[in-house]
Protein chains: 2
Amino acid sequence: MEATLLKSHKTFEGKTQFWEHDSTSTKTKMKFSTFIPTGLVKGCVIWLSGLTCTDENFITKAGAQKYLAEHQLMVICPDTSPRGLQLPGEHEAYDFGSGASFYVDAKTEGYNAHYNMFSYVANELFDLIQSQFQVPKNKISIMGHSMGGHGALVIGLRESQKFQSISAFSPIVNPTKAPWGVKAFTGYLGEDQDNWKQYDATELIRSGARHEGTILIDQGRADEFFIKGQLLTSNFENSCEGSGQKVKVNYRDDYDHSYYFIATFIEGHIKHHASFLT
Amino acid sequence: MEATLLKSHKTFEGKTQFWEHDSTSTKTKMKFSTFIPTGLVKGCVIWLSGLTCTDENFITKAGAQKYLAEHQLMVICPDTSPRGLQLPGEHEAYDFGSGASFYVDAKTEGYNAHYNMFSYVANELFDLIQSQFQVPKNKISIMGHSMGGHGALVIGLRESQKFQSISAFSPIVNPTKAPWGVKAFTGYLGEDQDNWKQYDATELIRSGARHEGTILIDQGRADEFFIKGQLLTSNFENSCEGSGQKVKVNYRDDYDHSYYFIATFIEGHIKHHASFLT
């Protein structure tokens, strides 16, 4: 379904734009934002945002446009969940329901009709990047932050042929072992933990999923959610070790979980993806 | 009055911080944000934001920290008005009262007790930059956007010995001739238009105010407020012509009034101030 342009702002000679379309995956309208550089677009990186975010956070706060323009890459930033629904418990907490999809295809009653964000990103958005923005299918990569870092790792590892490269800021790498993940997976996937593992990057590596490229991760050491055990970065490192999956984790002293951290290191992530896409 | 640190985020090796203090000018608490680079701080630029903004907009959206860090400059971004008051009509419109001080010292009943933002910026903040952040008084410059661009031009021209350089994005350069300015000045200064001219950059140039340095302005040609006659950029250019006041106005095709425009060209403004401060 062709998306409708809502707003456009010239930025670094390209365009920062906001869009809306009817999603077949979520059976709702879905919003997303893009930055499209001027001239030839050599590839596209999908950005997945974290808890409570919308399609606006990254495009407004990360300062990525400068580097995307330099490398002639576009970015597409979907919303973090379906909107406009009234499912049981959907709007009661910041870490479940609206703004908190965890990028799974839900199985539980009610949610299973709409919260199909894995399919939305991995298939519907992947196709839309080609059809609406004329990016070849072998020029698409994925990255994200926190819950969106989890989404980027899981989608990139499970659909490793589709995505040329993967990176993440402060990702939730082992959600089946973290309070946020346990709550969300129980709500979206039900009590059977066997259904959870396909949405856990650390478990995916253990069960044989691999991506050809080196996965790039940046993690602040002063990140309160890192300190509280929501992210569990080293579990992913440990599962990769000796597995053949290459991963580079940059631990950053004194940096926290915020977009100020992302803005500081986004240039390196754009360069990482450019090295695979251009 | 020493300000209290509310939040701190490591950013580009320096610190993005949020502060609060008791202002003697406004007789309220006032908030401001800063970015302070690591190492020696060579100077400080005051950023004044536009209508509806707070101390957060610039520091979150402009992407200035990278360039400030490169030039070893700090920035300080005050709020756009006093807060927490209940003056007549203060919270009824986006373009008057809270979030819309226009950086004047008010004369009208009620407002004159608190809306002293000219003095707040030109004196109180100017002193605080020295006392709290140890920046020498001859290493301070001023810039802003829209209503804040007006503030930067007016404060910089009237206190030209205090501020080493002036720049503005999309400034309201002739508010006595623009709907926004007429409304605000009537409300803050009263009907006597003779009191208005000292807060109008174009009129200040006409009456002999000068700044030694070249004033830098960036203006988008697709800016809706430029098109609607709120900004009146050419009036300022005309008043400078032949006056001895040097001004460089960069008109930018297709750029609008947003922070995407500011983010695109902020590097040039930081370089401009660095050339005077470092």
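**Taking the model apart**

Mentor: Chain A has 9 helices and 9 strands, where helices (H or I, at least four residues) and strands (E, at least two) are DSSP runs numbered from the N terminus. Mind that this is a predicted model, where local features need pLDDT of at least 70, side-chain atom pairs count only at pLDDT 80 or more, and totals for chains, interfaces and linings use all residues. Residues are numbered from 1 along each chain as its sequence is written, with chains lettered from A and ligands numbered from 1 in the order in which they are written.

Trainee: What is the radius of gyration of chain A, and why does that make it as compact as a globular protein of that length?
Mentor: The radius is taken over C-alpha atoms, and the globule rule is 2.2 Å times the number of residues to the power 0.38. For 278 residues that rule gives 19 Å, and the value for chain A is close to it, so the chain is as compact as a globular protein of that length; its radius of gyration is 17 Å.

Trainee: What percentage of the residues in chain A is buried?
Mentor: Buried means that 20 or more other C-beta atoms, placed from the backbone, lie within 10 Å of the residue's own. Out of 278 residues in chain A, the buried share is 58%.

Trainee: In what order do the strands of the chain A sheet run?
Mentor: Two strands pair if DSSP finds at least two bridges between them. The edges are strand 1 (4-11) and strand 9 (247-252) of chain A, each pairing on one side only. The sheet is open, its pairing is mixed, and its 9 strands come in the order 1-2-3-5-4-6-7-8-9.

Trainee: Which residue is the bridge partner of A:A168?
Mentor: Look at strand 7 (residues 166-169) and strand 8 (residues 215-220) of chain A, which run parallel and are joined by 3 bridges. In strand 8 of chain A, the partner of A:A168 is A:I217.

Trainee: What angle does helix 9 of chain A make with strand 6 of chain A?
Mentor: Angles run from 0 to 180 degrees between N-to-C directions, with axes as lines fitted to C-alpha atoms, for helices over the stretch in contact (C-beta atoms, placed from the backbone, within 7 Å). Helix 9 (residues 259-277) of chain A lies across strand 4, strand 5 (73-78), strand 6, strand 7 and strand 8 of chain A. To strand 6 of chain A, helix 9 of chain A runs at about 160 degrees.

Trainee: Over to chain B: where around helix 5 of chain B do its buried residues sit?
Mentor: In helix 5 (residues 179-189) of chain B, the buried ones are B:W180, B:G181, B:A184, B:F185, B:G187, B:Y188 and B:L189. The arc they cover, from the directions between helix axis and C-beta atoms, is only 165 degrees, which means they sit on the same side of helix 5 of chain B.

Trainee: Which residue just after helix 5 of chain B takes a positive phi?
Mentor: Step just past the end of helix 5 of chain B. The phi there is about 90 degrees, and the residue is B:G190.

Trainee: Through which surface do the copies meet?
Mentor: Of the interface residues of chain A, 100% are also interface residues in chain B. The copies therefore meet through the same surface.

Technical notes. Two residues are in contact if their C-beta atoms, placed from the backbone, lie within 7 Å. A residue is buried if 20 or more other C-beta atoms lie within 10 Å of its own, exposed if 12 or fewer, and partly exposed in between; C-beta atoms are placed from the backbone.
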